[in-house]
Amino acid sequence: MCLAIPGKIIEIDNKKEHAIVDYGEGTKRRANVSLVNVNIGDYVLVHAGFAIQVLDEEEARETLDLFREMLSEEDT
Amino acid sequence: MFSLRDKQLAKEIVLKIKKSDVQLKFMHVCGTHQDTLVKHGLDVLLKECGIEIGQGPGCPVCVTTPKEIEEMLLLAQNGKVVATFGDMINVPGKKRSLQSMRTEGCDVRTVYGIEDAVSIAKENKDKEVVFMAVGFETTAPTTASVLMGKPPDNFSILNCHRVVPPALKTILDMGEIKIDGLIEPGHVSTIIGLKPYEFISSEYHVPQVVAGFEPLDLLMASWMLVKQIKHGEPSIENEYTRVVSPDGNVKAQKVIREVFTLGDIKWRGFPVIGESSLELRNEFEKYDARKRYEDELEPLVNKEFKEPKGCKCGELLRGLLSPKDCPLFGTRCTPDKPVGPCMVSMEGSCNIEYKYTKK
């Protein structure tokens, strides 16, 4: 139910209410983007037809480094 | 876009947990977490490290009560076009499911989200369309947003939305199960942020970590909980920083507040949980199927519906049992012929256990 899938915004309508999201491998679908502030090219997390979060690709890439840092600083 | 996989790092985390020499019981409240745990064998791996992880009431379809299912079935029987998520269609009521009613000629539609249901209403002006609005904080803003956009008059919702933190409080208050740490759901937290969980650590002294859905996320979250326990400093931490911000999605929270107000509601397997439902505010009452079809639903008002005979979904949702503890699991209850909702929903622990271990 709370499953959310990441995709890339490739088109936005004039009212900034709906966008076309590219999920890769040829899958494109309309999503409501009224719950987030987005621009074309942004990655979003889509749940039940609504984008619920904008993803920061750079931050995602840093996740592994963050994990490594947390592991190395710990004595547990 | 990006895959969070690193075998070496996973090994390092497991080693850290093993070295910490613990015997702990964690609960999570998300079907997608359960799927990752079972699919990748992390539940078994962590058990070998002294950590048992089980699913609590983290499946919106599963916690929807038998009475709410009967309400939907009655509306379908009375000629409404009933639209809802795929999982809901197969949940058995007392004698039937939406799926079985569909084969009898009732108009039951599977939709991906509430906007699809509104489209059905727009395309069928001569029909009454009811959307069964199930879901936690992740889904509630989608319902709220649509209602604020003034859907057509032939559209209404059977509101079954619930919020997660009060259920966690209830589990801790009931005290039936020892919980050393909670793994909080990543996408509910995407909306609500970290603050609504704080009282659990400050008042109940239970460590919590919001986690993502990759195997590494859940290993890391487990280790973060171990760390909190070792240090004796329970708090709410965020492992899923690439998605969840401490404040959550403020825009979505505002939309929820504008449309809903908190109310009390029963959850399957639980008593009534205070302030755990999202009730429609007065200005949105015209979209409330329970008000609109009050007369039709009247026969159900004072009726109590029991759990299916022998079904252990209630105990499972309270974290007291695992799917394989249920005598019906894989015998009388299978995904093709489910007895309870935990075997129906893709978020249900029985369905997940069956999918990866029984076939």
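## A loop residue with positive phi

Asp21(B) is found in the loop between H1 and S1 of chain B; helices (H or I, at least four residues) and strands (E, at least two) are DSSP runs, numbered from the N terminus. Although Asp21(B) is not a glycine, it has a positive phi of about 50 degrees. With 9 other C-beta atoms within 10 Å, Asp21(B) is exposed. A residue is buried if 20 or more other C-beta atoms lie within 10 Å of its own, exposed if 12 or fewer, and partly exposed in between, with C-beta atoms placed from the backbone.

This is a predicted model, in which local features need pLDDT of at least 70, side-chain atom pairs count only at pLDDT 80 or more, and totals for chains, interfaces and linings use all residues. Residues are numbered from 1 along each chain as its sequence is written, while chains are lettered from A and ligands numbered from 1 in the order in which they are written.

## Two further loops

Lys150(B) lies in the loop between H9 and S6 of chain B. Lys150(B) is not a glycine, yet has a positive phi of about 55 degrees. Lys150(B) is exposed, with 10 other C-beta atoms within 10 Å.

Gly175(B) occupies the loop between helix H10 (165-174) and strand S7 (181-185) of chain B. Gly175(B) counts as exposed, having 8 C-beta neighbours inside 10 Å. From Gly175(B) to Ile273(B) the separation is 98 residues in sequence and 15 Å in space, C-alpha to C-alpha.

## Strand S7 and its partners

Five of the five residues of S7(B) are buried, so S7(B) is largely enclosed by the rest of the structure. Strand S1 (residues 24-28) of chain B pairs with S7(B) in the parallel sense over three bridges; two strands pair if DSSP finds at least two bridges between them. Within this pairing, Met27(B) stands opposite Leu182(B) in S7(B).

S7(B) is also joined by four bridges to strand S8 (residues 208-211) of chain B, and these two strands run parallel. Pro185(B) has Ala211(B) in S8(B) as its bridge partner.

## The four-stranded sheet

Chain B contains an open sheet of four strands in the order S4-S3-S5-S6, with parallel pairing. Its edge strands, each pairing on one side only, are strand S4 (108-110) and strand S6 (155-161) of chain B. From one strand to the next the twist averages 20 degrees; axes are lines fitted to C-alpha atoms, for helices over the stretch in contact, and angles run from 0 to 180 degrees between N-to-C directions.

Strand S3 (residues 81-84) and strand S5 (residues 129-135) of chain B pair in the parallel sense over three bridges. Ala83(B) has Phe131(B) in S5(B) as its bridge partner. Helix H5 (residues 66-77) of chain B lies across S3, S4, S5 and S6 of chain B, running at about 165 degrees to S6(B).

## Packing of H2 against H19

The axes of helix H2 (residues 31-39) and helix H19 (residues 349-358), both of chain B, come within 10 Å and cross at roughly 25 degrees. H2(B) and H19(B) are therefore roughly parallel to each other, a term for angles under 35 degrees, with over 145 as roughly antiparallel, 65 to 115 as roughly perpendicular and the rest as oblique. H2(B) passes H19(B) in a right-handed crossing; a crossing is left-handed if the near helix is turned anticlockwise from the far one by less than a right angle, and right-handed if clockwise.

Gly31(B), Gln34(B), Asp35(B), Val38(B) and Lys39(B) in H2(B) meet Ser349(B), Ile352(B), Glu353(B) and Tyr356(B) in H19(B), where contact requires C-beta atoms, placed from the backbone, to lie within 7 Å. In H19(B), the buried residues include Ser349(B), Ile352(B) and Glu353(B). Their cover includes H2, strand S2 (51-55), helix H17 (313-317) and helix H18 (341-344) of chain B.

## Contact between the chains

The contact takes 46 residues from chain B and 30 residues from chain A. On the side of chain B that touches chain A, H13(B) gives the largest share, five residues. By class, this side of chain B has 23 nonpolar, 13 polar and ten charged residues; Ala, Val, Leu, Ile, Met, Phe, Trp, Tyr, Cys and Pro count as nonpolar, Asp, Glu, Lys and Arg as charged, and the others, Gly among them, as polar.

The axes of helix H1 (residues 57-72) of chain A and H1(B) come within 11 Å and cross at roughly 30 degrees. H1(A) passes H1(B) in a left-handed crossing. Leu64(A), Phe67(A), Arg68(A) and Leu71(A) meet Leu9(B), Glu12(B), Ile13(B) and Lys16(B).

Terms used. Contact = placed C-beta atoms within 7 Å.
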